[in-house]
Amino acid sequence: MSTPSGPAPGPELEIVHLLRATTVELGLHSGRFAQRNGMHPTDVRALIALMDARRAGEEMSAGRLGGVLGLNSAGTTALVDRLEGAGLVRRVRGERDRRRVVIEVEDRAVELGQAFFGPLIERSVELLRGCDDHQLAAIRDFLTGVREAAAGGR
């Protein structure tokens, strides 16, 4: 049951607030990485998108990257130029269509990310190893649903 000001208090709302607090902490952690490496927060989001594409075996054009980040063409070009100038990405010809230029993350960027985010990732994996298959499925479903709800505004 809902109240006029929102959902009724309960364990569900407590988890939503915990997710929000976790999101804030992750954002602050990402901001520390950006500051430490002389980057803008959008640069970090771009590197994450590029690493996700790499892990999925997908090519990422500048246009697609801009779409993922909500940037216009000029903003995307400036972003890619900045990251390329820092030696974190490179423009290459696409594997599937050699006429197409795609953006690839350099190993240096992966190494920077691993050095900074590795301990957090390791701790997260350690926590998940304490869950059974049913719990893992519930966590995956919940996070996927929240992500899809948040992306619904795009």
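This is a predicted model: local features need pLDDT of at least 70, side-chain atom pairs count only at pLDDT 80 or more; totals for chains, interfaces and linings use all residues.
View 1. With a relative accessible area of 4%, Thr76 is buried, and once its neighbours within four places in sequence are left aside, Thr76 is in contact with Ala62, Gly66 and Leu71.

**View 2. Ser61 in the loop between H2 and H3.** Ser61 lies in the loop that joins H2 and H3. The relative accessible area of Ser61 is 12%, and since buried means under 20%, this residue is therefore counted as buried. Not counting residues up to four places away in sequence, Ser61 touches Arg100, Val101, Val102 and Ile103. The C-alpha atom of Ser61 is separated by 11 Å from that of Thr77, a residue 16 residues apart from Ser61 along the chain.

**View 3. The contact of H2 with H4.** The axes of these two helices, H2 and H4, come within 11 Å and cross at roughly 80°, and the two helices are therefore roughly perpendicular to each other. On the H2 side the contact involves Thr42, Asp43, Ala46 and Leu47, which meet Leu79, Arg82 and Leu83 in H4.

**View 4. Val89 in strand E3.** Val89 has its place in strand E3, which covers residues 89–93, and at 2% relative accessibility Val89 counts as buried. Not counting residues up to four places away in sequence, Val89 touches Leu47, Leu50, Val80, Leu83, Glu84, Ile103, Glu104, Val105 and Glu106. The C-alpha atoms of Val89 and Val102 are separated by 10 Å, and these two residues are 13 residues apart along the chain.

**View 5. The largest nonpolar core.** This core has 22 residues, of which Met39, Leu47, Leu50, Leu65, Leu83 and Val89 touch the most other members. Two or more residues are given to this core by each of helix H1 (11–36), helix H2 (41–56), helix H3 (62–69), helix H4 (73–85), strand E4 (101–105) and helix H5 (107–129). Among these elements, H2 gives the most, with 6 residues. In soluble globular proteins, nonpolar side chains tend to be buried together.

**View 6. The chain as a setting for the close-ups.** The secondary structure of the chain comes to 6 helices and 4 strands, and from the N terminus on the elements run β-β-α-α-α-α-β-β-α-α. Along its principal axes, the C-alpha trace spans about 55 × 35 × 30 Å. The chain has 154 residues, of which 23% count as buried, and among the contacts with a separation of 6 or more, residues 24 or more positions apart account for 46%. An unreviewed UniProt entry lists residues 12–148 as "domain: HTH marR-type". In the model, that span is 74% helix and 7% strand, and its end C-alpha atoms lie 18 Å apart.

Notes. Residues are numbered from 1 along each chain as its sequence is written. Side-chain values use heavy atoms; hydrogens and water are left out. UniProt positions are given in the numbering used here, feature names are shortened, and annotations may be inferred rather than shown by experiment. A nonpolar core is a set of buried Ala, Val, Leu, Ile, Met, Phe, Trp, Tyr and Cys residues joined through side-chain atoms within 4.5 Å. Buried means under 20% relative accessible area, exposed over 50%, partly exposed in between (1.4 Å probe, protein chains only). Axes are lines fitted to C-alpha atoms, for helices over the stretch in contact, and angles run from 0 to 180 degrees between N-to-C directions. Angles under 35 degrees count as roughly parallel, over 145 as roughly antiparallel, 65 to 115 as roughly perpendicular and the rest as oblique. Contact means heavy atoms within 4.5 Å.
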